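Subject: Structure for you to look at

Hello,

Here is the structure I said I would pass on.

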Amino acid sequence: MQKVEEAKMTQLNGKERLIVALDVPTMFDALKLVEELKDEVGMFKVGLELFTHCGTKLLDELKKLEAPVFFDGKFHDIPNTAAAASREIGRRGVQMFNVHAQGGSEMIRTAQKAAHEAADEAKVPRPILLAVTVLTSISQEILTKDLGITDKVDEVVARYAVLAKASGADGVVASAKEVPIIRERIGKDFVIVTPGIRPSWAAEDDQKRIVTPKDAVSMGTDYVVVGRPITRANDRKDAAKRIAEELSV
Ligand code: C5P
C-alpha cells in the first residue's frame with residue numbers, strides 16, 4: 001500500500017518518471033535491453049506482444065533483475081475473470097498494471113482487490129492500478145459512428161477517469177492533451193502515465209499527437225512511456241539519460 005501512496009504523493013525525479021516500452025519481440029531482446037538501461041530509467045513497460053510471446057516467465061525474470069515493471073495488459077472482461085487475471089499479476093510484484101475503465105466500476109474494484117490480496121499473500125508491494133480511458137486510436141468519428149457515443153472524446157476521457165478514481169483505481173493512462181482536463185476534474189492525487197512522447201531530437205515515427213518530455217511534465221503528467229526514441233537510438237543509454245534529464249523539471 002505504501003508504494004501506491006508514495007507514487008501519488010512523492011515528487012518524482014526524472015529517472016523515476018521514465019518508463020521504457022519493451023517493444024521487442026523476444027525475451028532475450030527484452031532482458032538485454034533491461035540490463036543495459038536499468039540504471040537510467042525508472043520502469044519497463046511489458047505490452048501484449050512481448051507478453052503473449054513470453055508469458056509470465058518474463059515477469060519472473062524481470063523480478064530477478066529487480067527491474068520495476070508496468071504490465072500493460074489492459075484487462076477488460078467480466079469482473080470475475082478480470083479479478084483472476086489481476087491476481088496472477090498482483091502476486092508477481094509488478095509496480096503497475098492496467099484495466100479498461102470501460103469494464104465498469106465493479107470490474108475495476110474487483111481487479112484491484114484481487115491484485116492487492118495476491119500481493120499481500122506473496123509479500124510483494126501492491127501494484128498501482130491504472131485505468132485506460134479512451135484509446136488514442138479512437139477518433140471522434142469512431143467513438144460516435146462505431147461505438148454510438150456522441151459526447152466529445154475529452155469529455156468521455158474525463159468521465160472515465162472520474163469513474164476510475166471513484167472505483168479505487170490509482171490513476172490512468174492518458175495522452176498529454178488529456179492531462180489538463182483530468183487534473184481539473186480529479187486534482188493532483190491521481191497517477192497519470194503518458195505515452196506519445198518525443199524529445200525534440202527524435203523522429204516522430206507513427207505517433208501523431210506528440211509532446212516533449214518536458215512539456216508532458218509541465219502539463220501535469222507523472223510518468224511518461226517512451227519506446228523507439230530510446231530502443232532504436234544508436235546509443236540507448238545516452239538517449240535514456242537525456243530524456244531523464246529533460247523530465248527533471
Ligand atoms: O515507440 P513509442 O515511444 O511510440 O512507444 C510508445 C509505447 O506506448 C508503445 O508501447 C505503445 O503501444 C504505447 N502506447 C501509445 N499510445 C497509447 C497507448 C499506449 O503509444 N495511447
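The protein chain has 13 helices and eight strands. Its radius of gyration is 17 Å, close to the 18 Å that the globule rule gives for 249 residues, so the chain is as compact as a globular protein of that length. Along the principal axes, the C-alpha atoms fill a box of roughly 45 × 40 × 35 Å. Please keep in mind that this is a predicted model.

Next, the ligand. The space it takes is the largest pocket. Which residues surround the ligand? They are Ala21, Asp23, Lys45, Thr136, Pro195, Arg198, Gln207, Val225, Val226, Gly227, Arg228 and Pro229. By type, this shell divides into five nonpolar, three polar and four charged residues. Two elements each supply at least two residues of the shell: strand S8 (223–226) and helix H12 (228–231).

A polar side-chain atom of Lys45 lies 3.0 Å from an oxygen atom of the ligand. For Arg198, a polar side-chain atom is 2.8 Å from a ligand oxygen atom. In the side chain of Arg228, an N or O atom is 2.7 Å from an oxygen atom of the ligand. How much of the ligand does the protein bury? Taken alone, the ligand exposes 460 Å², and the protein buries 79% of that.

Regards

Note on methods. Residues numbered from 1 in each chain as written. Predicted model: local features only at pLDDT ≥ 70, side-chain atom pairs only at ≥ 80, totals over all residues. Heavy atoms only, no water. Near = heavy atom within 4 Å. Polar contact = N/O pair within 3.5 Å; in protein donor to acceptor, adjacent residues only side chain to side chain. Areas by Shrake-Rupley, 256 points an atom, 1.4 Å probe, with all protein chains shown as cover. 1 Å grid on protein atoms, 1.4 Å probe; cavity = no way out; pocket = protein on both sides within 12 Å on 5 of 7 lines; lining within 4 Å. Sits in = over half its atoms within 2 Å of the grid points. Helix = DSSP H or I, 4+ residues; strand = E, 2+ residues; numbered from the N terminus. Nonpolar A, V, L, I, M, F, W, Y, C, P; charged D, E, K, R; others polar. Rg over C-alpha atoms; globule rule 2.2 N^0.38 Å.
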